[in-house]
Amino acid sequence: MLEVTDINTFYGSIQALWRVSLTIDEAEIVALVGANGAGKTTLLNTISGLLRPSSGRIEFCGKRIDGLKSHAIVELGISHIPEGKRLFPDMSVRENLEMGAYLQRAWKQREETLREVYQLFPKLKSRQGQLARTLSGGEQQMVAMGRGLMSKPRLCIVDEPSSGLAPIVVDEIFRIIQGLRDQGIAIFLIEQNVQQTLETADRAYVLENGRIVIAGDSRKLLQEEHIKKAYLGL
Ligand SMILES: Nc1ncnc2c1ncn2[C@@H]1O[C@H](COP(=O)(O)OP(=O)(O)OP(=O)(O)O)[C@@H](O)[C@H]1O
Ligand SMILES: [Mg+2]
């Protein structure tokens, strides 16, 4: 469904991604593992159109998307749930969710999609009138994920959803991500929590200094010496 081929991305004269290639199929969870500064967010931003690769190509469902504006990429079915939630603090939960459906295709279905999101996150329904800035960190992350789903994506790219959250909330987020896959939505997931991420994902890529250095079945990666040493502290 998503095919990234040989992309190079720069910030000015500094190269952040080096010939990165990867694929994501329908309804699979693919993890992206890497240390701070490896280029994970840069890669997600390049896929979602916030950054432009200087060379290489990105195709989604057979259509070339590198060079498209980010709203056009959302319209095609890729939803980016950014690092650090980025909610509108003085808008209510419901208003924040509706902002995720602002594009044509999703807007017509927004009432129905909102019901689906409330089914996934029952707590948000009871809090729909509450201002986003007064929510707990975990609740804010739920809103950010719900808002990402309001655009009716076929692929969700999620940047560190569990950052700063308590283990019990993290478990819930992983459960929800698996639920999305079961509904047929593909997930590209960045997470610092490497053990739990590799246990949840189907496949994974490891990014080091802007380059993909390992790719494969995520359970197999859990057994790799380099992964154990560098990312699992074993
Ligand atoms: N706007 C920017 N301008 C210049 N350099 C940047 C910019 N954003 C990121 N970089 C650099 O690009 C490299 C990759 O950053 P990126 O944010 O993609 O890493 P990351 O893997 O997401 O790290 P983290 O785990 O800390 O979120 C880093 O060296 C960073 O300093
Ligand atoms: Mg990042």
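I count Ala, Val, Leu, Ile, Met, Phe, Trp, Tyr, Cys and Pro as nonpolar, Asp, Glu, Lys and Arg as charged, and the others, Gly among them, as polar. This is a predicted model, in which local features need pLDDT of at least 70 and side-chain atom pairs count only at pLDDT 80 or more, while totals for chains, interfaces and linings use all residues. Residues are numbered from 1 along each chain as its sequence is written, and chains are lettered from A and ligands numbered from 1 in the order in which they are written.

**Ligand 1.** I looked up the residues around ligand 1 (C-beta atom, placed from the backbone, within 6 Å of it) and found Tyr11, Ala16, Gly34, Asn36, Gly37, Ala38, Gly39, Lys40, Thr41 and Thr42. By class, this shell divides into 3 nonpolar, 6 polar and 1 charged.

**Helix H1.** Helix H1, residues 40–47, gives the largest share of that shell, 3 residues; helices here are DSSP runs of H or I, at least four residues, numbered from the N terminus. I then checked burial (20 or more other C-beta atoms within 10 Å of a residue's own, all placed from the backbone), and 8 of the 8 residues of H1 are buried. Just after H1, glycine 49 takes a positive phi of about 90 degrees.

**Domains.** The domain assignment, automatic or from a database, gives domain 1 as 1–77 + 156–234 and domain 2 as 87–152, with their C-alpha centres 23 Å apart. The contact (C-beta atoms, placed from the backbone, within 7 Å) takes 12 residues from domain 1 and 9 residues from domain 2. On the side of domain 1 that touches domain 2, helices H2 (70–76) and H8 (167–182) each supply at least two residues, and H8 gives the most, with 4 residues.

Key
Two residues are in contact if their C-beta atoms, placed from the backbone, lie within 7 Å. A residue is buried if 20 or more other C-beta atoms lie within 10 Å of its own, exposed if 12 or fewer, and partly exposed in between; C-beta atoms are placed from the backbone.
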